[in-house]
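Please work through the following exercises with the sequence and the model at hand. Each task is followed by a solution in steps.

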Amino acid sequence: RERFSSVPFYALINNAGIARDGVLATLPVVDIDRLVGVNLLGALYLARAAARLFVHGRDGGRILNVSSI
């Protein structure tokens, strides 16, 4: 937070994810855990951090989550 405190922060665009090739029925649990960890939890944790900054700012902010299947 201190490192970027002088930089205006108005928006977050969450646009990151990973994919695994394979059939869901045979996909190893470790691959499913990795997918959920990066694609879901990564986006949620980053949005949470941004929201905390937006709450303390004067103008709020916007969060845009981008995903695909």
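The exercises below treat the fold, the surface, a salt bridge and a strand residue.

This is a predicted model, in which local features need pLDDT of at least 70 and side-chain atom pairs count only at pLDDT 80 or more, while totals for chains, interfaces and linings use all residues. Residues are numbered from 1 along each chain as its sequence is written, and side-chain values use heavy atoms, with hydrogens and water left out.

**Exercise 1. Determine the order of the elements in the chain.**

Step 1. Helices (H or I, at least four residues) and strands (E, at least two) are taken as DSSP runs, numbered from the N terminus. 
Step 2. On this basis the chain has one helix and two strands. 
Step 3. Read from the N terminus, the order is β-α-β.

**Exercise 2. Describe the burial and the accessible surface of the chain.**

Step 1. Residues are classed as buried (under 20% relative accessible area), exposed (over 50%) or partly exposed (in between), with a 1.4 Å probe and protein chains only. 
Step 2. Of the 69 residues, 10% are buried. 
Step 3. Accessible areas come from the Shrake-Rupley method with a 1.4 Å probe; for residues, only the protein chains shown count as cover. 
Step 4. The chain has about 6000 Å² of accessible surface, and carbon and sulfur atoms account for 59% of this.

**Exercise 3. Identify the salt bridge formed by D31 and locate both partners.**

Step 1. The criterion is a side-chain nitrogen of Lys or Arg within 4 Å of a carboxyl oxygen of Asp or Glu. 
Step 2. The partner of D31 is R20, with the closest N and O atoms 3.7 Å apart. 
Step 3. The pair links distant parts of the chain, eleven residues apart: D31 belongs to helix α1, and R20 to the loop between β1 (11–14) and α1. 
Step 4. D31 is partly exposed at 21% relative accessible area, and R20 is partly exposed at 36%.

**Exercise 4. Is N14 buried or exposed, and which residues does N14 contact?**

Step 1. N14 lies in strand β1. 
Step 2. N14 counts as buried because its relative accessibility is 8%. 
Step 3. With contact defined as heavy atoms within 4.5 Å, and neighbours within four places in sequence left aside, N14 touches A43, L46, A47, L64, N65 and V66. 
Step 4. A polar contact is a pair of N or O atoms within 3.5 Å; within protein, one must be able to donate a hydrogen and the other to accept it, and residues adjacent in sequence count only if both atoms are side-chain atoms. 
Step 5. The side chains of N14 and N65 make such a polar contact, at 2.8 Å.
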